[in-house]
Amino acid sequence: MRTKFGIHAAVLAIVALGVLMFGSTAAMAHGKHKQPLRLVGTVIQTDDIDLGDPGPSLGDELVYSETLSRRGREVGESGVVCTIVQITPPYDVFTFHCVGTLSLRRGQITLQGLVEVQGEDDRGPWTVAITGGTGAYRGASGEARVRQRNDTTTIYKLRFDSAKKNKHRH
């Protein structure tokens, strides 16, 4: 059976999505170009919560936080919880339900989605939904694409729905 550490690394990439959320302000600046916002998430803390048998099982959770940065400058933090909702034999394909929140200076952005991780070496990319926000990010929607660079660093590309962009302009 695969170790939780490898699965944990893959899930971190997914959850790191939240990092993308900072992009809503920057994405507005891109305007008509519709270029995705690129952010980098670096793990601050992480923990696995094993609710069942030793090793990965339904209901086990991965909880972590990240520092979010853009162009080398810290812009916020994220918090993510991913729960195993399906394990496919031979036990190297896992489906996680992940919920994440980005906390930025002008508000928060929420992300959510089902993420399928195929083995310990799967580094994505994965796509999740931007489900809303507060403050300057109120009404945010779109997609976040996440790829894991290594066990502690995740690259995010955030695309906001164009109909919502004007609401987020500063």
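View 1. Ser69 is buried, with a relative accessible area of 17%. Here buried means under 20% relative accessible area, exposed means over 50%, and partly exposed lies in between, using a 1.4 Å probe and protein chains only. The model is predicted, so local features need pLDDT of at least 70 and side-chain atom pairs count only at pLDDT 80 or more, while totals for chains, interfaces and linings use all residues. Residues are numbered from 1 along each chain as its sequence is written, and side-chain values use heavy atoms, with hydrogens and water left out. Ser69 is found in strand E2. Helices (H or I, at least four residues) and strands (E, at least two) are DSSP runs, numbered from the N terminus. Leaving aside residues up to four places away in sequence, Ser69 touches Leu39, Val40, Glu74 and Val75. A contact means heavy atoms within 4.5 Å.

View 2. Strand E2 (residues 61-70) and strand E3 (residues 73-88) run antiparallel and are joined by 10 bridges. Two strands count as paired if DSSP finds at least two bridges between them. Ser69 stands opposite Glu74 in E3. Two residues lie between the strands of this hairpin. Arg71 is in the loop between E2 and E3, and Arg71 has a positive phi of about 55 degrees although it is not a glycine. Most residues other than glycine have a negative phi, and most peptide bonds are trans. Is Arg71 buried or exposed? At 73% relative accessibility, Arg71 counts as exposed.

**View 3. The hairpin of E3 and E4.** E3 also pairs with strand E4 (residues 93-104), in the antiparallel sense and over 12 bridges. Thr88 stands opposite Val93 in E4. This hairpin has four residues between the strands, and Tyr91 takes a positive phi near 70 degrees. Pro90 has its place in the loop between E3 and E4. Pro89 and Pro90 are joined by a cis peptide bond, with omega about 5 degrees.

View 4. Strand E5 (residues 107-118) pairs with strand E6 (residues 126-133) in the antiparallel sense, over four bridges. Which residue in E6 is the bridge partner of Leu111? The partner is Ile130. The loop between E5 and E6 holds Pro125. A cis peptide bond joins Gly124 and Pro125, and its omega is about 10 degrees.

View 5. Arg123 forms a salt bridge with Asp151, the closest N and O atoms being 3.9 Å apart. Arg123 lies in the loop between E5 and E6 and Asp151 in the loop between E7 and E8, so the pair ties together parts that are 28 residues apart in sequence. A salt bridge is a side-chain nitrogen of Lys or Arg within 4 Å of a carboxyl oxygen of Asp or Glu. By this rule the count comes to one salt bridge. Arg123 counts as partly exposed, at 32% relative accessibility. Asp151 counts as partly exposed too, at 31%.

**View 6. The largest nonpolar core.** The largest nonpolar core has 30 residues, and those touching the most other members are Cys82, Phe96, Leu104, Ile109, Val115, Ile130 and Leu158. The elements that give two or more residues to this core are strand E1 (37-49), E2, E3, E4, E5, E6, strand E7 (142-148) and strand E8 (153-160). A nonpolar core is a set of buried Ala, Val, Leu, Ile, Met, Phe, Trp, Tyr and Cys residues joined through side-chain atoms within 4.5 Å. In soluble globular proteins, nonpolar side chains tend to be buried together.

**View 7. The barrel and the whole chain.** Eight strands form a closed barrel that runs E1-E2-E3-E4-E5-E6-E7-E8, with antiparallel pairing. From one strand to the next the twist averages 30 degrees. Angles run from 0 to 180 degrees between N-to-C directions, and axes are lines fitted to C-alpha atoms, for helices over the stretch in contact. The protein comes to three helices and eight strands, and from the N terminus on its elements run α-α-β-β-β-β-β-β-β-β-α. Of the 170 residues of the protein, 48% count as buried. Among contacts between residues at least 6 apart in sequence, 55% join residues at least 24 apart.
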